[in-house]
Amino acid sequence: VIDVKKWRQALAAVEKYELDLIILEIHLSEINGFELCKIIRKNEKLHDIPIIYLTKLKDKRVMMKGFRIGGDDYMTKPFERDE
């Protein structure tokens, strides 16, 4: 588990470690998670790592945008036990 708050740290961590999954907070301090997802998806070495967005947003249109950008799924906060 890598917990980073700044996108450059996140990208460096993703490039350094062999990850099986990325859980990406949409709200980061400098850019949003969608923009970071775009950057990750452009990198050939990282392109196939599944990305799950973590958000408190409930707007399905926003999440559909995330899927178009390259996210694979999303989880909303607070977590719903049944989900």
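Where is the place of threonine 55? Threonine 55 lies in strand β2. This is a predicted model, in which local features need pLDDT of at least 70, side-chain atom pairs count only at pLDDT 80 or more, and totals for chains, interfaces and linings use all residues. Residues are numbered from 1 along each chain as its sequence is written, and side-chain values use heavy atoms, with hydrogens and water left out. Helices (H or I, at least four residues) and strands (E, at least two) are DSSP runs, numbered from the N terminus.

**Threonine 55**
- Threonine 55 is buried, at a relative accessible area of 0%; buried means under 20%, exposed over 50% and partly exposed in between (1.4 Å probe, protein chains only).
- Apart from neighbours within four places in sequence, threonine 55 contacts Glu25, Ile26, Met63, Met75, Thr76 and Lys77 (contact means heavy atoms within 4.5 Å).

**Helix α2**
- In helix α2 (residues 33-42), the buried residues are Gly33, Phe34, Leu36, Cys37, Ile40 and Arg41.
- They cover an arc of only 160° around the axis, so they sit on the same side of α2; the arc is that of the directions from the helix axis to the C-beta atoms.
- These buried residues pack against α1 (7-16), β1 (22-25), β2 (51-55) and α3 (60-69).

**α2 against α3**
- The axes of α2 and α3 come within 9 Å and cross at roughly 15° (axes are lines fitted to C-alpha atoms, for helices over the stretch in contact, with angles from 0 to 180 degrees between N-to-C directions).
- The contact is made by Phe34, Cys37, Lys38 and Arg41 of α2 and by Val62, Lys65, Gly66 and Ile69 of α3.
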